[in-house]
Amino acid sequence: MAGFGDRDELLAALKRFDPFAWERLVGDHYSRIRRFALSRRFSEVDADEIASEAFAIAARRIRSYVPDKGLDRWLAQIAWNQMLKRWAAAKAAPTIEDIDGLVGTKDEPRAAPSSGVNEGRRANAWPNLDLGLSRIRPRKYADAVVMHDINGMGYPEVAAALHLGSAEAARVYVFRGRKALKAILEKQAEDGPKC
Amino acid sequence: MLKDAVSMENPLNRSLDEMRKDSQGGEREPLELEQDLVAGAELEALGQGLAEVYSASGEPPTRSALDWAFEQFQPQREVDIASAMAAISAHIERDLVKETGARSLGEMLSRARSQSGVSVAEASTLASMAEPAYRNLEMDRMPAWLAPAQGLATLCRRLGIDSDPVLRWCVVRLAAPSHSAHGRRASGQMDDAAKSEEGSRRAREDMRSKYVAWSKSFSDGF
């Protein structure tokens, strides 16, 4: 397999659909994407499907790829979108529980459908939180918050991932990380939108 | 400035290794939780809000989530690159059929030529090819990378075809198994089969190298 000196050279070759470059990309990232799908409870067969779909979509979009987040996270984002689509499709097929939910019962009225407005507001709130997370010191508290609140891992998993020794330590780190984040966000609010 | 750049370092981009280094370093601090139930409830709500905002933000998965998945979720079987490439190629082909409405590069060229009212003779002239060779290209009897790169780029521009689908069709064709090698193996002895396999592998590498040189020139023609 031909070598590629640096990331720019690899990217240029990917954009020309150089099969050696694509083999390199697949060799470097396919397994990671597949395991990421497995970590989200997809079967081996579905994980393969999601990974190969993600690379095919990457081939279609490679020309517009902007190297701001790294190829691994770009590929993971494409794969993640495929996973969301699969979940949405699975949800679209109504189950007995869904039908019961739509009809509602006398005691329990049907839940109001999501308007999407709040989704948009929440998405707009992200840059402030992202910046806030970046400012937490020491960094290990921010890392614990990322692992627990964003990656959705339990305290024992956070402790195992960060080699913290105990779930209690992870709980304390998350607590302190959130506390620091709250203070930063309050400061941001006081200082105004420029911060 | 430097301080700002450092403080802007995003924890979403940090690898598990970097996180571990930081969590192990520094002074060991006491692990007693500050006892404040009201603050605790508020912070719990902040954590939940953070999860919701993140999932609504469209941000990619964090690097640490990917690292953790790679470490913890061992597949029952590892995938070899060749079969992964074949599966990806099948998806690319499906996408191309959907996007272009054609089942191959030749069919795509032929349709675009008809729609543009360009004759085979004109197309072959634009592509700097002899007419029979151009016909072979449209019938998928000849791979695109054997056509003159600049000429084909000129023709594609005239027909309103972007370089991207042309190159992706080429990738699909390159990933297709070599039929000639299989034919020889079926009719020959085992030794011959091994030689044929090796010959086929070399021919494939050679073909791909030719394609790489061709694709550079073809892309430059746009």
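Helices, as the term is used in this tour, are DSSP runs of H or I that are at least four residues long, numbered from the N terminus. With that in mind, select A:F17, which sits in the loop between helix 1 (7-15) and helix 2 (19-39) of chain A. The model on the screen is a predicted one.

**First stop: A:F17**

Keep A:F17 selected and inspect its backbone. Its phi is positive, at about 60°, although A:F17 is not a glycine. Is A:F17 buried or exposed? A residue is buried if 20 or more other C-beta atoms lie within 10 Å of its own. A:F17 has 26 C-beta neighbours inside 10 Å and therefore counts as buried.

Now colour chain A by secondary structure. Chain A contains nine helices and zero strands. Followed from the N terminus on, its elements read α-α-α-α-α-α-α-α-α. Of its 195 residues, 39% count as buried. Consider next the contacts in chain A with a separation of 6 or more: residues 24 or more positions apart account for 47% of them.

Colour residues 7-92 and residues 123-191 of chain A separately. These are domain 1 and domain 2 in the domain assignment of this chain. Their C-alpha centres lie 28 Å apart.

Move to A:P138, in the loop between helix 6 (117-135) and helix 7 (139-150) of chain A. Which form does the peptide bond from A:R137 to A:P138 take? This bond is cis, and its omega is near -10°.

Continue to A:H163, in the loop between helix 8 (155-162) and helix 9 (167-191) of chain A. Here phi is near 55°, again a positive value in a residue other than glycine. How many other C-beta atoms lie within 10 Å of A:H163? There are 13, so A:H163 is partly exposed.

Read along the sequence, the pattern is α-α-α-α-α-α-α-α-α-α-α-α. Buried residues make up 27% of the 222 residues in this chain. Among the contacts in chain B between residues at least 6 apart in sequence, 70% join residues at least 24 apart.

Select residues 131-138 of chain B, which form helix 8, and show the side chains of B:Y134, B:L137 and B:E138, which are buried. Turn the view until you look down the axis of the helix. Why do the buried residues of helix 8 of chain B line one face? Seen down the axis, they fall within an arc of 95°, so they line one face of the helix.

What covers the buried residues of helix 8 of chain B includes helix 6 (105-116) and helix 7 (120-126) of chain B. Just after helix 8 of chain B, select B:D140, which takes a positive phi of about 60°.

**Sixth stop: where the chains meet**

Show both chains again. The contact takes 63 residues from chain B and 66 residues from chain A. On the side of chain B that touches chain A, the elements giving two or more residues include helix 2 (16-24), helix 4 (63-72) and helix 12 (190-220) of chain B. Which helix of chain B gives the most to this side? Helix 3 of chain B does, with ten residues. By class, the residues of the side of chain B that touches chain A divide into 36 nonpolar, 15 polar and twelve charged.

**Last stop: a pair of helices across the contact**

Select helix 2 of chain A together with helix 4 of chain B. Two packed helices are described by the angle between their axes and the distance between the axes. The axes of helix 2 of chain A and helix 4 of chain B come within 8 Å and cross at roughly 85°. Angles of 65 to 115 degrees count as roughly perpendicular, and these two helices are therefore roughly perpendicular to each other.

Finally, show the side chains that belong to this contact. Helix 2 of chain A contributes A:R32, A:R35, A:F36, A:L38 and A:S39, while helix 4 of chain B contributes B:L66, B:A69, B:F70 and B:Q72. By class, this contact has five nonpolar, two polar and two charged residues.

Key: Residues numbered from 1 in each chain as written. Chains lettered and ligands numbered in written order. Predicted model: local features only at pLDDT ≥ 70, side-chain atom pairs only at ≥ 80, totals over all residues. Contact = placed C-beta atoms within 7 Å. Nonpolar A, V, L, I, M, F, W, Y, C, P; charged D, E, K, R; others polar. Buried ≥ 20, exposed ≤ 12 C-beta atoms within 10 Å, placed from the backbone. Domains from an automatic or database assignment. Axes fitted to C-alpha atoms, helices over the stretch in contact; angles between N-to-C directions. Parallel < 35°, antiparallel > 145°, perpendicular 65-115°, else oblique. Arc of directions from axis to C-beta.
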